[in-house]
Every structure is written in C-alpha cells, then in structure tokens.
Amino acid sequence: GSPWANEEMRATTLFLAALLSVLGTTHAFTATAPMAQLRRAHHSPSAQGLPLQPRPRTAGLSLRMATGVAEVSFAVKAAKTGALVYGVLIGAGGISAGVKTGSKPSIISSTVAAVLLAIAYVKGLNVLALITSSLLSVVFAIRFVKTNKIMPAGVLGTISLAFSALFAVAQLGL
C-alpha cells in the first residue's frame, strides 16, 4: 500500500485514543444524558408535595418529573450524540487529511475543533457545539468559494451546516 496509509492510520488511531481519554470512560458512549444542567429532586415541586406542573419549553426541557430528572427532547439528545459524532468526524478526517497532505494547519484546526466538540459533549454545552460547527461552516464555505471543489470543502461545509442546524434547534428548544 501507500506509505501514507500506515501513517494516516496511526495518526487517526492516536487521535481517537486521545479523544476517548478526554471524554472519559463514563461519558464515551452515553447518548441519553441531557444537554442542560438539571436540578435535583429536592428543588422540584413534587418533592415539596406539590403536583407536577408543565413548564415552558426551554432548551428542550419540557416537564419536571418526581425523580428530579427532566424529560429531554429528541433534539437535545440528538445534539448531544451529534457533538460526539461530528467531533470524531472532523478530528479523524482532519488529521488523516493533514497527515496525507502534510498540512499542519489542518491537523491543528481539526484537533482544536474536535476537542471543543468533545468538551461540548462531556459538559453538555450545546452552545459550544453550535459555535464550533457554525465557525467550521463559514471556514468550509470560504474554502469552497476559493477552490470550487466539492470534496472536501463542499461536503464538509454542508455537513457542518446540518450539524449547526441540529445544535440550533436543540439550543432553542424547538
């Protein structure tokens, strides 16, 4: 095979190992935790003997339950998982392409973006995922205009825009 194949595989494997270590073993494959910080049961109306009340939908939260855990919308759950998937895609793809072409800026920028998305996933910071994906959408749009190449700028710009829309829907609680 190509002399780059082994180097690309090593770089991608190292990136994934580093990303998983940032995420920690307890968070690496959890897709059900809510994106927003939730209060414990002693703050809920039911813990004070009051009936449960529907709440306005903010950031995907729709109802406080007796256990103190809020029901989370599908968009918020999908955004949390999306931050992980998008982070791995951007990180592994950027490192692989950077090693192949010898582009240090590609390696650095994709690693920074992947780490930001990993932090968004672990900490439940949907707004960080939204900002990161929006900035990448702009970067890929500029690259597409300059190069007029569908791959990688056009495809990654479209993917970044789609993830930005997902993160925006979850952030707005729609």
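What share of the contacts in the chain with a separation of 6 or more is accounted for by residues 24 or more positions apart? In this predicted model, such residues account for 62% of those contacts.

**Figure 1. Overall organisation of the predicted chain.** The secondary structure comprises five helices and three strands. Read from the N terminus, the elements follow the order α-β-β-β-α-α-α-α. Of the 174 residues in the chain, 34% are buried. The accessible surface amounts to about 10,000 Å², and carbon and sulfur atoms contribute 70% of this area.

**Figure 2. Close-up of the largest nonpolar core.** This core contains 20 residues, and those with the most contacts inside it are Y86, I90, A129, L136 and F167. At least two core residues are supplied by each of α2, α3 (104-123), α4 and α5 (150-172). Helix α2 provides the largest share, namely seven residues.

**Figure 3. Surroundings of A129 in the core.** A129 is one of the buried residues of α4. When its neighbours within four places in sequence are set aside, A129 is in contact with A83, L117, A120 and F167. F167 is itself listed, together with A129, among the residues with the most contacts inside the largest nonpolar core.

**Figure 4. The buried face of helix α4.** Helix α4 spans residues 126-147. The buried residues of α4 are N126, A129, L130, T132, S133, L136, S137 and F140. Viewed down the helix axis, the buried residues fall within an arc of 165 degrees, and therefore they line one face of α4. The cover over these buried residues includes α2, α3 and α5. After α4 comes N148, which has a positive phi near 60 degrees.

**Figure 5. The outward face of helix α4 and the position of L135.** Exposed residues L135, V145 and K146 are carried on the face of α4 turned away from its buried side. L135 has a relative accessible area of 53% and therefore counts as exposed, the cut-off being over 50%. The C-alpha atom of L135 is separated by 9.2 Å from that of S164, which is 29 residues away along the chain.

**Figure 6. Position of A92 in helix α2.** A92 belongs to helix α2, which covers residues 74-101. Its relative accessibility is 15%, so A92 counts as buried, for which the cut-off is under 20%.

Note on methods
Residues numbered from 1 in each chain as written. Predicted model: local features only at pLDDT ≥ 70, side-chain atom pairs only at ≥ 80, totals over all residues. Heavy atoms only, no water. Helix = DSSP H or I, 4+ residues; strand = E, 2+ residues; numbered from the N terminus. Buried < 20%, exposed > 50% of the residue type's maximum accessible area, 1.4 Å probe, protein only. Core = buried A, V, L, I, M, F, W, Y, C linked by side-chain atoms within 4.5 Å. Contact = heavy atoms within 4.5 Å. Areas by Shrake-Rupley, 256 points an atom, 1.4 Å probe, with all protein chains shown as cover. Arc of directions from axis to C-beta.
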